[in-house]
Amino acid sequence: MRTAGELKGGTIEAMDGDIGSVQDVYFDDRTWTVRYVLVDTGAWLPGRQVLISPFAFQAVPGASRLRTSLTKKQIENGPSPDSDRPVNRQREVEFSRYYGYPYYWVGPYRWGDLAYPGLPLEAPQPSPVDEEMLARDLEGGDPNLRSARDVMGYYINATDGDIGHVEDFLVDDETWAIRYIIVDTRNWLPGRRVLVSPEWIKEVSWQDSKVYVDLSKRHIEAAPEFDPSMPLDREHEARLYDYLGRSKYWEREPRRKAE
């Protein structure tokens with residue numbers, strides 16, 4: 001897993017050269033999955049930002065560099081986000097059609113007909129007529145995309161009071177799911193960090209910048225502590241889920257078969 005903070009500033013590499021650096025990641029607040037990486041193209045295309053879908057990444061060898069299957073020409077001629085308004089569904093349809101990606105919001109899995117964005121794009125693409133109808137139906141749709149950068153700092157409330165704030169997110173680099181919110185409890189338990197899964201969120205007040213979880217302060221205090229200097233392993237995750245009596249996501253979700 002990578003933190004969203006680690007991804008920020010990382011170099012994005014096209015097949016024929018570097019294109020810029022990561023400025024932010026956008027996730028949808030229904031499934032808490034990263035849908036786009038926002039890239040500042042710097043000296044290559046001054047004054048421009050572009051969106052890169054996880055469908056484009058060939059591999060994530062390290063947080064400092066992410067390699068894509070796109071060429072500079074593809075990216076240069078591709079859709080750009082509007083700086084003065086959020087990405088709407090119509091723009092997402094345009095983006096998916098340009099790059100030939102399946103619609104992640106249509107299908108049974110986290111990525112539409114695919115469990116992982118790194119799988120071969122074998123899903124049948126809609127016909128031009130179907131695409132036009134879909135674009136028309138979803139023109140005013142709200143994809144519920146949120147900026148990870150904006151959500152960092154949100155207060156976290158347990159069932160019986162404030163426990164801290166959002167310090168960062170842990171992103172699964174295979175599914176691009178946000179697996180955990182890293183909670184800094186400095187105002188309550190100084191020097192301690194804990195992990196909270198988005199599955200344990202009851203409600204988010206986007207207007208008040210608050211996240212409400214269905215855990216008590218006692219549960220949080222006794223949960224395994226997270227050390228950001230150490231890689232998160234499955235043993236730590238299992239202890240956390242067993243302590244809270246929650247079902248483990250890795251036992252429920254489709255997994256990539258070993259090659």
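Trainee: What does the secondary structure of the protein chain come to?
Mentor: It comes to 7 helices and 14 strands. Keep in mind that this is a predicted model.

Trainee: How much of the chain counts as buried?
Mentor: Of the 259 residues, 49% count as buried.

Trainee: And what share of the contacts join residues at least 24 apart?
Mentor: That share is 55%, among contacts between residues at least 6 apart in sequence.

Trainee: Let's do aromatics. How many aromatic pairs does the structure hold?
Mentor: The structure holds 20 aromatic pairs. Take Y104 and W111: their ring centres are 6.1 Å apart and their planes stand at 70°, so this pair is edge-to-face.

Trainee: Which residues form the aromatic cluster?
Mentor: Y36, F55, F95, Y98, Y99, Y101, Y103, Y104, W105 and W111 form one cluster.

Trainee: What lies over the face of W105?
Mentor: R89 does, at 4.3 Å from the ring centre. There is also R146, whose charged end sits over the ring of W206, 4.0 Å from its centre.

Trainee: Which residues line the largest cavity?
Mentor: The lining is R35, Y36, S53, F55, F95, S96, Y101, P102, Y104 and W111. Two elements, β4 (33-40) and α3 (89-99), each give two or more residues to that lining.

Trainee: How does the lining divide by residue type?
Mentor: It divides into 7 nonpolar, 2 polar and 1 charged. Y36, F55, F95, Y101, Y104 and W111 are in the lining and also in the aromatic cluster.

Trainee: Now L70. Where is it found?
Mentor: L70 is in the loop between β7 and α2 (72-77). It counts as buried because its relative accessibility is 4%.

Trainee: What does L70 touch?
Mentor: Leaving out residues up to four places away in sequence, L70 touches A14, M15, I52, A56, I75, Y99 and Y101. Y99 and Y101 also belong to the aromatic cluster.

Trainee: Over to α7. Which of its residues are buried?
Mentor: H236, E237, A238, L240, Y241 and L244 are the buried ones. Their cover includes β11 (178-184), β12 (193-196) and α6 (217-222).

Trainee: What does H236 touch?
Mentor: Beyond residues up to four places away in sequence, H236 touches L195, P224, E225 and F226. H236 has a relative accessible area of 9%, so it counts as buried.

Trainee: What comes just after α7?
Mentor: G245, with a positive phi of about 70°.

Trainee: Which residues have a positive phi although they are not glycine?
Mentor: Among them are W32, at about 55°, and S209, at about 60°. Most residues other than glycine have a negative phi.

Trainee: Where do W32 and S209 lie?
Mentor: W32 is in the loop between β3 (17-28) and β4. S209 is in the loop between β13 (201-205) and β14 (210-213). W32 is buried at 6% relative accessible area, whereas S209 is partly exposed at 27%.

Trainee: Last one, T185. Buried or exposed?
Mentor: T185 is buried, with a relative accessible area of 0%. T185 lies in the loop between β11 and β12. Its contacts, leaving aside neighbours within four places in sequence, are I163, G164, P190, R192 and V194.

Note on methods: Residues are numbered from 1 along each chain as its sequence is written. This is a predicted model: local features need pLDDT of at least 70, side-chain atom pairs count only at pLDDT 80 or more; totals for chains, interfaces and linings use all residues. Side-chain values use heavy atoms; hydrogens and water are left out. Rings of Phe, Tyr and Trp (its six-membered ring) pair if their centres lie within 6.5 Å; planes under 30 degrees apart count as stacked, over 60 as edge-to-face and the rest as tilted. A charge sits over a ring if NZ of Lys or CZ of Arg is within 6 Å of the ring centre and within 35 degrees of the ring normal. On a 1 Å grid over the protein atoms alone, a cavity is a set of points where a 1.4 Å probe fits but cannot get out, and a pocket is an open set with protein on both sides within 12 Å along at least five of seven lines; lining residues have an atom within 4 Å of a point. Helices (H or I, at least four residues) and strands (E, at least two) are DSSP runs, numbered from the N terminus. Ala, Val, Leu, Ile, Met, Phe, Trp, Tyr, Cys and Pro count as nonpolar, Asp, Glu, Lys and Arg as charged, and the others, Gly among them, as polar. Buried means under 20% relative accessible area, exposed over 50%, partly exposed in between (1.4 Å probe, protein chains only). Contact means heavy atoms within 4.5 Å.
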